[in-house]
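Open your viewer, switch to a cartoon view and follow along. We will begin with the whole chain and then zoom in on one region.

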Amino acid sequence: MAVPAAVAVNGGAKIGLASRTYLESRPVKETKVLISELCRQFYNLGWVSGTGGSITIKVHDDSIPKPQQLVVMSPSGVQKERMVPEDMYVLSAEGSIISPPSPKPYPHKPPKCSDCAPLFMKAYHMRDAGAVIHSHGMESCLVTMINPRCKEFRITHMEMIKGIKGHGYYDELVVPIIENTAYESELTDSLAKAIEAYPKTTAVLVRNHGIYVWGDSWISAKTQAECYHYLFDAAIKLHQLGLDWSTPDHRPIQKVNGVLGKNHKRNVTAKAGTTGSNYEAEQLPRCIVLDIEGTTTPISFVTDILFPYARDNVGRHLSATYDTTETKEDIELLRSQVQDDLKQGVAGAVPIPSDDMGKEEVIAALVANVEAMIKADRKITALKQLQGHIWQTGFENNELEGVVFEDVPEALEKWNALGIKVYIYSSGSRLAQRLIFGNSNYGDLRKYLSGFFDTAVGNKRETRSYVEISESVGVDNPSDVLFVTDVYQEATAANAAGLKVVISIRPGNGPLPENHGFKTINSFSEI
């Protein structure tokens with residue numbers, strides 16, 4: 001992307017970005033000062049000792065689009081805790097050096113731009129980052145050495161996960177691990193491949209080396225770097241205690257036939273099934289992905305309790321929360337969906353007036369659209385997100401309680417003990433999923449669950465959704481994942497993605513096609 005020829009500085013005449021005037025402007029100087037301050041902090045944390053590690057920050061300037069902003073970068077091979085603003089390099093948005101620092105007398109080495117520069121630029125270009133930190137912190141090095149064959153670091157149910165962009169306490173944090181090379185720049189291609197393969201990640205670990213962390217701003221990058229190092233340190237200490245950091249309850253590491261590790265292959269005999277099932281025992285999966293409606297939970301709970309509650313309370317909820325950020329986001333999402341529906345002639349869609357028409361008019365139109373969406377049982381994010389927030393209020397007020405079949409809690413506990421990770425994939429929002437399992441008729445079951453997927457990963461009847469899930473849970477082969485659902489079309493899509501599939505037969509479920517070809521179960525005890 002071309003750098004703009006000129007920008008206005010301090011409201012004055014336009015000057016070139018690479019001009020001496022702009023390079024001496026306040027935004028550039030402040031960024032240099034900030035990097036020198038952060039390097040001193042990071043040195044005290046052990047992240048940039050021995051001249052290792054580095055940091056780079058884009059020059060924030062509202063007059064320049066972010067992709068075109070200049071880049072300030074710390075030099076390579078210098079004492080990071082002793083750096084001053086004048087030691088910094090300034091680069092163009094494409095990574096070419098615009099302004100190098102002046103040489104210092106012996107014993108200082110001649111200035112050299114960071115060896116990390118090509119890797120930093122990948123984060124800028126592929127993630128639109130505002131800052132990137134490269135740390136040699138001991139925790140980030142050791143955590144990659146615990147299992148030399150592991151290509152990912154995974155952890156869940158730790159408070160500091162909430163400090164990583166896009167993650168919550170119950171989510172599984174996944175950080176890719178790439179192999180180290182003799183020279184830093186040789187890592188560029190493997191780092192780029194990891195960034196592309198893990199669209200949700202904000203970091204890449206380098207085995208026996210350290211970590212690269214990026215964020216939208218220097219504050220985001222710094223905050224996440226601190227959280228990552230905390231989580232790595234926690235994982236190392238849990239491992240020293242013989243506990244498995246990657247499982248929800250951090251139970252003792254399993255030993256199977258004298259071999260450490262929960263993913264060691266093993267064969268078991270399944271319990272006899274209920275009449276009507278055709279499921280036979282085979283090797284246990286590494287991961288199990290469960291549907292909710294008709295699989296873990298009666299369909300009637302959703303159709304007779306949750307949906308009516310959302311329908312009957314949508315107006316009350318919107319009125320009570322109309323001015324909150326959360327509801328404003330819900331309304332904007334619904335506006336966008338309704339606009340599309342009107343263009344496509346979807347039945348029941350009615351125009352939503354502008355805010356100028358008044359709160360009551362807007363809410364009345366929203367209620368009409370939501371009722372039509374619920375009646376049509378539409379699996380769309382705008383509806384599911386609002387429903388999740390309405391149900392949250394219901395659960396908080398003890399007006400709702402999640403329902404699961406009686407065999408579900410025992411099965412979740414058993415799979416957890418065997419080291420099998422369990423995920424939920426439902427058309428309901430992740431919030432709604434957490435509410436059901438966190439407030440169930442058998443208590444809080446979230447401690448047995450490693451993560452939640454909703455329609456943000458894709459439609460449940462599309463094969464690509466299951467490809468994405470299998471890649472997200474980090475298995476070697478899609479067949480390492482068992483998907484359990486009551487819907488034939490979902491089973492077909494998952495099967496096409498290479499997952500193993502069984503169909504759940506529960507009271508109230510719809511009929512299946514004859515000769516559907518899938519194994520069936522009546523109870524999770526049969527798995």
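**The whole chain first**

Show the surface to begin: the protein chain has an accessible surface of about 24100 Å², and carbon and sulfur atoms make up 51% of it. Keep in mind as you go that this is a predicted model.

Now go back to the cartoon and select everything. Along the principal axes, the C-alpha atoms fill a box of roughly 85 × 70 × 40 Å. You will find 14 helices and 19 strands in the protein chain. Of its 527 residues, 52% count as buried. Among the contacts with a separation of 6 or more, 65% join residues 24 or more positions apart.

Next, colour the charged side chains. The protein chain carries 54 positive and 63 negative ones, and the centres of these two sets lie 6 Å apart.

**Zoom in on a parallel sheet**

Select strands S14 to S19. These 6 strands form an open sheet with parallel pairing, and the order across it is S16-S15-S14-S17-S18-S19. Which strands sit at the edges? Look for S16 (451-453) and S19 (519-521), each of which pairs on one side only. From one strand to the next, the twist averages 30 degrees.

Then pick out residues 481-485, strand S17, and residues 500-504, strand S18: the two pair in the parallel sense over 4 bridges. Click on Val484 and look across to S18, where its bridge partner is Val502.

Conventions:
Residues numbered from 1 in each chain as written. Predicted model: local features only at pLDDT ≥ 70, side-chain atom pairs only at ≥ 80, totals over all residues. Heavy atoms only, no water. Buried < 20%, exposed > 50% of the residue type's maximum accessible area, 1.4 Å probe, protein only. Contact = heavy atoms within 4.5 Å. Areas by Shrake-Rupley, 256 points an atom, 1.4 Å probe, with all protein chains shown as cover. Lys, Arg positive; Asp, Glu negative; His and termini not counted. Charge placed at Lys NZ, Arg CZ, Asp CG, Glu CD. Pairing = 2+ DSSP bridges. Axes fitted to C-alpha atoms, helices over the stretch in contact; angles between N-to-C directions.
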